[in-house]
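Please walk me through this structure.

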Amino acid sequence: MELAQVWFVLVGVLFTGYFVLEGFDFGVGMLFPVLGRTDKRRRVLLNTIGPVWDGNEVWLLTAGGALFAAFPDWYATMFSGFYLPLLLVLIALIVRVVAIEWRGKIDDARWRSRCDAAIMVGSWVPAVLWGVAFANLVRGVAINGDRQVTSNLFDMLNPYALVGGVTTALVFALHGAVFIALKTSGEVRDDAVLLAQRLALPAVGIAGAFVVWTQFEYGKAWTWLAVAAAAGALIGVATLTRAGREGWAFVLTTVAVISTVVLLFGSLYPNLMPSTTDAAYNLTIQNSSSSDYTLKVMTWAAAFMTPVVVMYQAWTYWVFRKRISTDHIPPSIGLAPERTQ
Amino acid sequence: MDALDISRWQFGITTVYHFIFVPLTIGLAPLIAVMQTVWVVTGNDQWYRLTKFFGKLFLINFALGVATGIVQEFQFGMNWSEYSRFVGDVFGAPLALEGLVAFFLESTFLGLWIFGWGRLPKLVHLATIWLVAIGVNASAYFIIAANSFMQHPVGARFNPETGRAELTSIWELLTNNTALAAFPHAVAGAFLTAGTFVAGVAGWWMVRGLKHEDGDGARMFRPVARLAMGVIIVSGAALVYTGDVQGKLMFEQQPMKMASAESLCHSATDPDFSVLTVGTHNNCDSVVHLIEVPGVLSFLAKGQFTGVDLKGVVDLQEEYVEKYGPGDYRPNLFVTYWAFRMMITLAAGSALLALAGLWVTRGGRVPHQRWFGWLSLAAIPTPFLANSAGWVFTEMGRQPWVVAPNPTGVDQIRLTVSQGVSDHPASTVVISLVVFTLVYAGLALVWFNLIRRYVVAGPLEHDTHPHAHDDDDSDAPKQLSFAY
């Protein structure tokens, strides 16, 4: 296998890691209004991802860096071409980061509700837009001979991409609900189980439609495996949550996310960004990768560092493996609000 | 304004904004690690209170550092796609390494540190903050190595078939002499910032605490204040030394940058060092040197006081036109001249605080002088401004280049900013410029208020005694030691 192909897979792995790990982070934030009816319950939700969300987000930064290093043209064309969606995602991520960290700093209902709103919006926006962006990536956008994307925002809001956006939002919400069920006890857990059951059916329907659409339109023979895995996993989630097996249900939502990313990257291969203008303008693994030397250096770095990172991140999850409930949440220790009036 | 100017403003605003918070993170992480180490070693709970107090401030700051850093990772592709194509083969590697080696380390272990109080064994928990400290400094190294390639490209060749720079040696890239000088300089600046922050806060609290409390609150801050003042002195000395090394490199590798920093318009042997210069039209014709010192400039450039030939802006411009074709190769003289001077003089704020502070705390004294309380507060912003000024000088001094040609390197590896910018309509870039600026301004206000409130609140009651270690693995309800 050529190094450029290895790096196509590695970029896929990094995005898979990002979507698996941030998927439930987004889900937790998205479900604030449904599962977090009281402040204590919202704190339970937030603290299920408390120690890990920041490390999860780094998967995106590293995926971005890896794209830049291994496929500079892909990085340049995609991020300058998907300008406005990316801007929205970045703003969403910014407000989410600070809202999570600063929420408990001031003991004031208004302060907290603003932070909650920021966490919610900061979770919904990327959950939808990543789906839209990746669907457009697979579908292809108008790229000219100078490798510039000439599609505008409205071209990107095509039916297929919109179904993609709804799919990621639903799957992440389901992933988050199952994660919450797995990480909590008491009433929050009961409600999360119930919600996961309710979300499972529409997720099977819409995500099922999206993966089948992707498969028929852009798939290869072998990607049927990914389609089957995604569909099977989602159907399994519905039955397992009913049986109170959150651990296995979480494994299956993870499988669903992984197989969807595999399907998307598999459909893309060997293109990085197909052009709807002319197939000659496609960005491919061959015509957009870095030099052999750069890829070799990066391969060594990834081969050494990735296992180490996976190991210590896994250890973090192990350290904080206990379920939490409203009984575990300490009283707020934020400073009193400063009233000027 | 066209997309080029707007993109430059946007990158400038977002980077300067990012670098308000970054130096405090880089410098404060090791300082907090030291505080916690002292607590673990001596068992003195006052150091635990200090660790928690400065730890809270650290976390408030870290959030914004992370948030603003995310944007930088993507802005190259969004606004500078042609630059990204040209250097991605080289520039992407340190960026990806930064993610793999440093970002993962700091973010994962910071989570463990925040939530691990009472959950992890004491020594393991102490190790997490040290790993965070290593992570933040390692990330600085990689990103500065990337930036140094833009200032002084090495370790790469030009591939005429693809028309781009290609990496030939990662080792040369990571040991670029520009990076080896810039990294310690930036880290020393970060330690100066954190030292001044800690010394300033502790100094203000010593003066304030004596008035409002029984004196215990004040006495607690004395050792950490003196520790931070020591950090200021050492990092200040390191800044002077690394700054000198960097200056000598710049005279050699980027003569235009140094010539404009000195408003040195015409080539001369042993020109005088300019202390004060005024010019009306940001060009060489109107420059009037008011105060000058002989000998200094020659020393800054070559380490000797006489017999040094230095090239001036006007002559360099001619030379570059001859070499690289028609164009304006001069940076903004006004900005480079004053940013350079601001960077150097603002460091006096920290130095003043350290010297005055060491004096008023001598022999076990806890200061009560009101002026020292005010000095402590006034000194805090100075290193932040000096850091910004230094980066503005470094970055605007390489205009018009985004990849400045290396005089002893591959000549084709050079790119002007106008060749590097993405092909967007101005309206698109205006949207992102306005959105980022507004969101950032809002968040900076909240950040300042939170920091101010937590400094004024002082060490909190609930952080008086450390949590007992909890190795009970059952699910039985027991409150978490920390929850968002």
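The paragraphs below take the interface first, then helix packing, salt bridges and backbone details.

This is a predicted model: local features need pLDDT of at least 70, side-chain atom pairs count only at pLDDT 80 or more, and totals for chains, interfaces and linings use all residues. Residues are numbered from 1 along each chain as its sequence is written, chains are lettered from A and ligands numbered from 1 in the order in which they are written, and side-chain values use heavy atoms, with hydrogens and water left out.

Start with the interface. Chain A brings 78 residues into contact with 84 residues of chain B; contact means heavy atoms within 4.5 Å. About 7400 Å² is buried between chain A and chain B, and carbon and sulfur atoms give 70% of that area. Buried area is the accessible area (1.4 Å probe) that two parts lose on being put together, summed over both.

Helices (H or I, at least four residues) and strands (E, at least two) are DSSP runs, numbered from the N terminus. Axes are lines fitted to C-alpha atoms, for helices over the stretch in contact, and angles run from 0 to 180 degrees between N-to-C directions. Angles under 35 degrees count as roughly parallel, over 145 as roughly antiparallel, 65 to 115 as roughly perpendicular and the rest as oblique. The crossing of H4(A) with H2(B) is left-handed: the near helix is turned anticlockwise from the far one by less than a right angle, whereas clockwise would be right-handed. On the H4(A) side the contact includes A:Leu60, A:Leu61 and A:Phe68; on the H2(B) side it includes B:Phe62, B:Val66 and B:Ile70. By class, the contact of H4(A) with H2(B) has 8 nonpolar, 2 polar and 3 charged residues. Ala, Val, Leu, Ile, Met, Phe, Trp, Tyr, Cys and Pro count as nonpolar, Asp, Glu, Lys and Arg as charged, and the others, Gly among them, as polar.

H4(A) also packs within its own chain. H14(A) (residues 292-319) crosses H4(A) at roughly 175 degrees, and their axes come within 13 Å. H4(A) and H14(A) are therefore roughly antiparallel. Among the contact residues are A:Trp59 of H4(A) and A:Met298 and A:Tyr317 of H14(A). This contact has 7 nonpolar, 4 polar and no charged residues.

Next, H10(A) and H12(A). Their axes come within 12 Å and cross at roughly 20 degrees. That makes H10(A) roughly parallel to H12(A). The crossing is left-handed. A:Phe210 and A:Val211 are among the H10(A) residues that meet H12(A), where A:Leu263 and A:Leu264 are among the partners.

Now the charges. Side chains of opposite charge can pair when their charged atoms come close. The rule for a salt bridge is a side-chain nitrogen of Lys or Arg within 4 Å of a carboxyl oxygen of Asp or Glu. Over all chains the count is 24 salt bridges. Across the interface of chain A and chain B there is 1. A:Asp73 and B:Arg85 form a salt bridge, 2.9 Å from N to O. Within chain A, A:Arg37 pairs with A:Asp191 at 3.2 Å. That pair links distant parts of the chain, 154 residues apart: A:Arg37 in the loop between H2 and H3, A:Asp191 in H10(A).

Finally, the backbone. Most residues other than glycine have a negative phi, and most peptide bonds are trans. The bond from A:Tyr269 to A:Pro270 is cis, with omega near 0 degrees. A:Pro270 sits in the loop between H12 and strand S1 of chain A. B:Gln399 and B:Pro400 are also joined by a cis peptide bond, with omega about 5 degrees. A:Arg147 has a positive phi, near 65 degrees.
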